[in-house]
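Here is a short report on one protein model. Look over the sequence and the fold, then read on.

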Amino acid sequence: MLSPPKPKAPPLNAMRAFESAVRLGGFKAAAVELAVTPGALAQQIKTLESRAGAPLFERISQGVRLTALGEAAAGDFGGALDRLGAALPSAKR
């Protein structure tokens, strides 16, 4: 009996870029934290937005602001990354 394929997860780097941009309040600060260019970080965000089918951030003259979809996803992404981070140390036990 074949089981249905698991849905493909978004790239981890894109999820990290989103979480960092949310936590730090913008692409520039997130890019510094992740040691990438702001353009590279913006491309990672675009990857997530493409998968979501809608913008996660509204681009404004002062930077970026989360959309309603971005707000809804923000807590989920942070929690998911926390769980991934906790998974490795627990595997050592």
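## Helix α1

The buried residues of α1 are Ala-14, Met-15, Ala-17, Phe-18, Glu-19, Ser-20 and Ala-21. Buried means under 20% relative accessible area, exposed over 50%, and partly exposed in between, with a 1.4 Å probe and protein chains only.

Helix α1 covers residues 12–24, 13 residues in total. From its first C-alpha to its last it reaches 18 Å, close to the 18 Å expected at 1.5 Å a residue. That expected span is 1.5 Å times one less than the number of residues in the helix. Gly-25 follows α1 and has a positive phi, near 85°.

## Basis of the model

This is a predicted model: local features need pLDDT of at least 70, side-chain atom pairs count only at pLDDT 80 or more, and totals for chains, interfaces and linings use all residues. Residues are numbered from 1 along each chain as its sequence is written, and side-chain values use heavy atoms, leaving out hydrogens and water.

## Overall fold

The protein has 4 helices and 2 strands. Their pattern along the sequence is α-α-α-β-β-α. Helices (H or I, at least four residues) and strands (E, at least two) are DSSP runs, numbered from the N terminus.

The C-alpha trace spans about 50 × 35 × 20 Å along its principal axes. Of the 93 residues in the protein, 29% are buried. Among contacts with a separation of 6 or more, 45% join residues 24 or more positions apart. Contact means heavy atoms within 4.5 Å.

## Surface and charge

The accessible surface is about 6,500 Å². Carbon and sulfur atoms hold 60% of that surface. Areas come from the Shrake-Rupley method with a 1.4 Å probe; for residues, only the protein chains shown count as cover.

The protein carries 12 positive and 7 negative charges, and their mean positions are 8 Å apart. Lys and Arg count as positive, Asp and Glu as negative; His and the chain ends are not counted. Each charge is placed at NZ of Lys, CZ of Arg, CG of Asp or CD of Glu.

## Ala-31 in α2

Ala-31 is in helix α2, residues 27–34. Is Ala-31 buried or exposed? Ala-31 is buried, because its relative accessible area is 1%. Leaving aside neighbours within four places in sequence, Ala-31 contacts Val-36, Thr-37, Pro-38 and Leu-41. Glu-71 is 40 residues from Ala-31 in sequence and 20 Å away in space, C-alpha to C-alpha.

Thr-67 is in the loop between β2 (63–66) and α4 (68–91). A polar atom of the Thr-67 side chain lies 3.1 Å from the backbone nitrogen of Gly-70. Not counting residues up to four places away in sequence, Thr-67 touches Pro-55, Leu-56, Phe-57 and Glu-58.

How values were computed: Polar contact = N/O pair within 3.5 Å; in protein donor to acceptor, adjacent residues only side chain to side chain.
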